[in-house]
There are 2 protein chains.
Amino acid sequence: MRYAVFGTGIVGRTIAAKLAALGHQTVIGTRDVEATLARTQPDSMGNPPFTQWHASLPEVRLKTFADNLAGKVLIDIANPLDFSAGMPPTLNPVNTDSLGEQIQRAFPDAKVVKTLNTMNCEVMVDPSRVAGAHTVFVSGNDAEAKNQVTELLLSFGWPKARILDLGDITAARGTEMLLPVWLRLWGALGHADFNFHIAGT
Amino acid sequence: MRYAVFGTGIVGRTIAAKLAALGHQTVIGTRDVEATLARTQPDSMGNPPFTQWHASLPEVRLKTFADNLAGKVLIDIANPLDFSAGMPPTLNPVNTDSLGEQIQRAFPDAKVVKTLNTMNCEVMVDPSRVAGAHTVFVSGNDAEAKNQVTELLLSFGWPKARILDLGDITAARGTEMLLPVWLRLWGALGHADFNFHIAGT
């Protein structure tokens, strides 16, 4: 398959590396290719500059965000974190809207599927990092697109029984709103190798 | 111990019955005793009127909400559901505040502990209804109050290892924000005998 990953931060890199390792033709997109390539310092989280990461994965080509999304499956794995009032971040939008719905409205011809946004990026592509049963949520308006995303999740190592379909894209409100308790858990546990599981399913 | 339960709906009744069954001296509070006793019809969720439930548990006395909260542990198990815009309910407050924090501010001399608000009331008092490991969150500003609430949760059947302290009362923002995904799960699963678990702890 061919995948374009939007974003060259740690999440985008982790997903792009996994897709490439699975043999997919993968490109990674950034707003400004020149600026991304010019950075020589670690980012605010201490991650190495893009070029350093890219040196080990030159087959993942760097491109701009420009893409024709019509008819394509768009997998939204992000959370709408708002750092404008400091730490901890809040969510914007929240409660009566979600990032997943915003993206679907902005690109009505794309098939938006929300998934993977409720865990650390290392867990996204390697669920075996977390011991015991744990859950990945899927939501979106297009059943066939959700089937395709489910196949991708299976290839990432997610057991079929742990992929939980919550219905249409408005369910993204619920999964995005898991972020604040995720942040508290990160603080309480001191590591990010944990995940939500829905017991009783 | 002596417990006053605020609220005569299905959650209040379930908690009061459990406390009475454990041998605690328990009263249940309502805004208007006369009105609560006068009801003869099921509520909007189909639960029987209070008097019908009360007939089997006359030792739980019905009183008004009036109580002196200073110095006492106040266990907040509620969610700030806003039905004003129809279904599904939204949360108010949300994101930058929580019901738990509102209650703590309103009663600064009480020791507010937020817990149990992330599951169905039957699961609150009988965690064995949900198969497998699952989690109950605790948050609050007073460590000794959290210890007392932990003892109560142990007596309800919660294993010590499944009681997860998230820190101070601001963590209530996170646990209250689990409600929207809980509602989606309820719809997707078709039953309420499920619960969140944090795998990797």
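Let me begin directly after helix α8 of chain B, where Gly190(B) adopts a positive phi of about 80 degrees. Helices here are DSSP runs of H or I with at least four residues, strands are runs of E with at least two, and both are numbered from the N terminus.

A word on conventions before I continue. The model is predicted, so local features require pLDDT of at least 70 and side-chain atom pairs count only at pLDDT 80 or more, while totals for chains, interfaces and linings use all residues. Residues are numbered from 1 along each chain as its sequence is written, and chains are lettered from A and ligands numbered from 1 in the order in which they are written.

A residue is called buried if 20 or more other C-beta atoms lie within 10 Å of its own, exposed if 12 or fewer, and partly exposed in between, with C-beta atoms placed from the backbone.

In total, 36 residues of chain A are in contact with 36 residues of chain B, where contact means that the C-beta atoms, placed from the backbone, lie within 7 Å. On the side of chain A that touches chain B, the elements giving two or more residues are β6 (90–91), β9 (163–165), α7 (172–176), α8 (179–189) and β10 (195–199). The largest share, 7 residues, comes from α8(A). By class, this side has 19 nonpolar, 13 polar and 4 charged residues. The nonpolar class holds Ala, Val, Leu, Ile, Met, Phe, Trp, Tyr, Cys and Pro, the charged class Asp, Glu, Lys and Arg, and the polar class the others, Gly among them.

How are the two chains related? Chain A can be laid on chain B with an RMSD of 0.0 Å by a turn of 180 degrees and a shift of 0.0 Å along the axis; the superposition is by least squares on C-alpha atoms of residues with pLDDT of at least 70 in both. That is the relation of a two-fold axis. In chain A, the C-alpha nearest the axis belongs to His197(A), at 2.4 Å from it. The same surface serves both copies, as 100% of the contact residues of chain A recur in chain B.

His197(A) also stands opposite His197(B) in β10(B). The strands β10(A) and β10(B) pair in the antiparallel sense over 5 bridges; two strands are said to pair if DSSP finds at least two bridges between them.

Now to the core. The largest nonpolar core has 88 residues, and Leu178(A) and Leu178(B) touch the most other members. Such a core is a set of buried Ala, Val, Leu, Ile, Met, Phe, Trp, Tyr and Cys residues joined through C-beta atoms within 7 Å. Leaving aside neighbours within four places in sequence, Leu178(B) is in contact with Leu178(A), Val181(A), Thr118(B) and Phe196(B).

Turning to the sheets, chain A has an open sheet of 3 strands in the order β1-β2-β3, with parallel pairing. β1 (2–6) and β3 (61–64) stand at its edges, each with a single partner strand, so one side of each is left without a neighbour in the sheet. Within this sheet, β1(A) is joined to β2(A) by 5 bridges, and Tyr3(A) stands opposite Thr26(A). In chain B, 4 strands form an open sheet in the order β4-β7-β8-β9, with mixed pairing. There, β4(B) and β7(B) pair in the parallel sense over 4 bridges, with Ile75(B) opposite Val113(B).

Finally, some backbone details in chain A. Cis peptide bonds join Met87(A) to Pro88(A), with omega about -10 degrees, and Asn92(A) to Pro93(A), with omega about 10 degrees. Pro93(A) is in the loop between β6 and α4 (99–106). Asn95(A) lies in the loop between β6 and α4 as well, and has a positive phi of about 75 degrees although it is not a glycine.

Definitions and conventions: Two residues are in contact if their C-beta atoms, placed from the backbone, lie within 7 Å.
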